[in-house]
Amino acid sequence: MKGIVKSLAVTMSTFMRRPVTRNYPTVHRELPERDRAFPLLLWDQDIDEPFCTGCHACERACPVECMTVLMKDNPAHESQGGTSKRRKIVDEFWIDYGRCMRCNICVEVCNFEAIAMNNTWRGHEMSVYDRSDLVMDLPQLMMQSKANEIHEWVAD
Amino acid sequence: MVTEPVPEFETQDLLINVGPQHPSTHGVFRMVMEIDGEVVKDVIPHIGYLHRGAEKLCENNDFRQGVGYMDRTEYLAAHNAELSYVMAVEALAELEVPARAQWIRMILCELNRLSSHFMFFGAFGVDVGVFGTPFVYAWRERETLIDLFEEISGDRMMYAYFRAGGLAWEVPPNFKERVREVLKSSRQGVKDFDGLLTENEIFIARTKNVGIISAEDAIEIGMSGPSLRASGVPLDIRKTEPYLFYDQVEFDVPLGENGDVFDRYYVRLQEMEQSMRIIEQCLDRLEDGPIMPERMPRMLRLPEGQEVYIRTEAPRGEYGVYLVSKGGNKPWRLKVRSACLSNLQALKQMSVGQYVADAIIILGSIDIVLSEVDR
Amino acid sequence: MSDGIFGIENTWLDAAIRIQLIVGLMTIVVMGLIYAERKILARFQQRLGPTRTGPAGLLQSLADALKLVGKEDLRPRNADPWTFELAPYLVFVPVFMSFVVVPFVVGWQVRIVELGLIYFVAVSSLSIIGWIMAGWGSDNRYAMIGGMRAAAQGISYELPLVLALISVAMVANSYDLNEIVAGQGRWPNVVWQPMVVVVFVIAGLAELNRTPFDIPVGESEVVGGPFVEYSGIRWSMFFLAEYAALFIMALIFAAVFLGGWAWPLGEEWGRWWQLALVSIKAGLFIFFVFWVRASVPRLRIDQLMSFSWKILLPLMLVQVLVNGAVLVYGGPLWILTIAGLVGIAVLVKLVGHAVSQPRPKVVVAASAEGEVAS
């Protein structure tokens, strides 16, 4: 019987501790800086255009082939009278979040630091009713960075 | 007086299907048990519900992309799975991993052993019949551990953090303090489990002398890991073929006596204590330095026609990776030697002759994770 | 005979009103018990219980009840119609019938029955038939297994339970619950019969089909036991019956062992204080039942049976003999206390011997040279 009394004692000691429940969704815990949700494209606030040039590096590196990228000549390039140094710019960009496995390889291979993992709660709360809504296009991918909501973390 | 012999009363054995959906949260595993009254006569396992073709998929992915697939083959102990793969690639590419990366890898693998064994206690407690208390304790402890993993690698379960040559990126600056905090909380968790179950008479009555497998049988079947050590066989790959820096730290290898369910539980409990001991020593020896070798090629290419088999001590047993290279940056063949699949072969031998209620506990005590059985 | 309630003289009307009050009280108390169980179990597991339905989750039981009412009432095609449909009543009604004898406060009970204790035991064992009917009538082999196990367990643990109550009746010299309570003005019966209290609690847990004796409703094996085919209101009748039985057992425990309303305050303190006292004592038993549920694994059916027949029953028979000897030969009652404490020691020893394992020793190999045992 002694063992049973010991078990009862352990449960009673847990009874006295504070509950560890977080009351989601009323309370959202603070996500660490390196948290990896789905990839997002970053917006260059100084020149008002995306960092991404559409170079296909991430598309080739993706293990699950979830991205489709198209590039075009940059109408805002200096040769055309604009202020940008980017000769090419991204035209269309689709990422299928349903396929993405969040491995971070696209972020590592990007030469322009144009793509980063979403480390906000918006990246985790992605429920949709139809799976095809998970295919994100360029405006959706740039939305959060344009609105200056992202403090992205990219490894050195 | 001559009487006629009484004819044998023919009864048919009952076939019970413990279906792919369990209340016991082991994953999708189907057992068809033939029982006679309450005694199990035969167990026919059906696996394959979680087969995703990880090995074939890795043939089309280079050595950085494959890491993501490897940690999905054993999601509860993902660092150990990644470690085997990455060590295989390093062996073929003859890369020299810097010391700091090795120490950090050791710490993370042992932390993962802690979190995997906590999960075992949780599921096992549910099997034995305690309403939910061990399960909730397990998740409380796992939360602290995976919060730590999230701060380091960014993801809570599929880390993709190891790379051939070292680590993907540097750990955060407060790494040592955080690990110490987590160790403190895990110590409390281990104490809770110990007090709750180990000396409980009902628990002992349920688990002692149940599901015994002898040392010879276990070796013949090919078991490894804590299930093998519970039968008394002192085989721990960290001691016999030390990798990383296991030969430079001190730790003991707990062994069991009978090879029953209680021993498998108790060996895992002791292993957690030893893991915490290892982590403390690693934290003391961790120094600054690089985490990747200096001349790392952009795209790792292996010489043609090489093969290697690397084994490591995952929380469930010997997790081995057999890699054949064909020149170029993708493997020719990647085979994963799954510890759980080999351990599962012992299920029939352990269960036949036991009661039905015990068959569930025996399955729980082997501690399988279906993604590794099926890959 | 007590005065009519609210001064009503007609015995039939008086009985009807009392019964209505009891039924109404029971429904509310049971719903409160379900909520209390979820909250208390949650606290044992370091989490919150229901928090969202109503303030602090108080309306959770009501929400569950409404959901169950709205469910479709299924019946398996090959289920025997009479057995299947009558089984919930046979589980539910005997529990309510036992409320007739339970004394809440002096003067507040449905009827004073001279053989109250015997009535309680007899009526509560009727529900075992209900379990068997549920198991057999469901046309499902798992339900059948569950029903058989429930019946075997129920019958096996009736004996220690009855003997426990009889031992107390011997000491109190009456079967009437009111007199048993009134006789505890000085000392509660737990002082004279410590071992009987332990055995009563264990046998009570088994009769209620509660952990560690909840094999019939074991969740990880035969999911749901004999109730696996029931849905909606029928299932909720089983569920309510279980909690009502828990409440009754707690009240009987408070009345018989802890002194009901009579100890330590006595009758001078007024009805509401006495009611509070009884509630606290019953609450202790209920809290203990929840505590055990959160901490202890489940026994296997054969271990359960052998525990009852081989350990509890012989101990109780010896206890009855000792009671008889002391009471007939006029010895002082503290002999019973000592005998009871010795009995508890013997019980602990027997349990330890039955489990009979030494402290777990683990052989630790400091360095394995790589040799595998051949």
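Predicted model: local features only at pLDDT ≥ 70, side-chain atom pairs only at ≥ 80, totals over all residues.

What follows goes from the overall build of the chain down to one hairpin.

Reply: Chain B holds 15 helices and 9 strands. Its radius of gyration comes out at 22 Å, close to the 21 Å that the globule rule gives for 375 residues, so chain B is as compact as a globular protein of that length. Along the principal axes, the C-alpha atoms of chain B fill a box of roughly 95 × 45 × 35 Å.

As for the inside, 56% of the 375 residues in chain B are buried; the cut-off there is 20 or more other C-beta atoms within 10 Å of a residue's own. The contacts reach across the sequence too: take the ones in chain B between residues at least 6 apart, and 72% of them join residues at least 24 apart.

Now let's zoom in on a piece where the partners sit close in sequence. Strand E2(B), residues 30–36, and strand E3(B), residues 39–46, run antiparallel and are joined by 7 bridges. One pairing you can pick out in the viewer is Glu34(B), whose bridge partner in E3(B) is Asp42(B). Between the two strands of this hairpin there are 2 residues, and Gly37(B) takes a positive phi near 75° in the hairpin. If you want a place to start clicking, go from Glu34(B) across to Asp42(B), then look at the phi of Gly37(B).

Technical notes:
Residues numbered from 1 in each chain as written. Chains lettered and ligands numbered in written order. Pairing = 2+ DSSP bridges. Helix = DSSP H or I, 4+ residues; strand = E, 2+ residues; numbered from the N terminus. Rg over C-alpha atoms; globule rule 2.2 N^0.38 Å. Buried ≥ 20, exposed ≤ 12 C-beta atoms within 10 Å, placed from the backbone. Contact = placed C-beta atoms within 7 Å.
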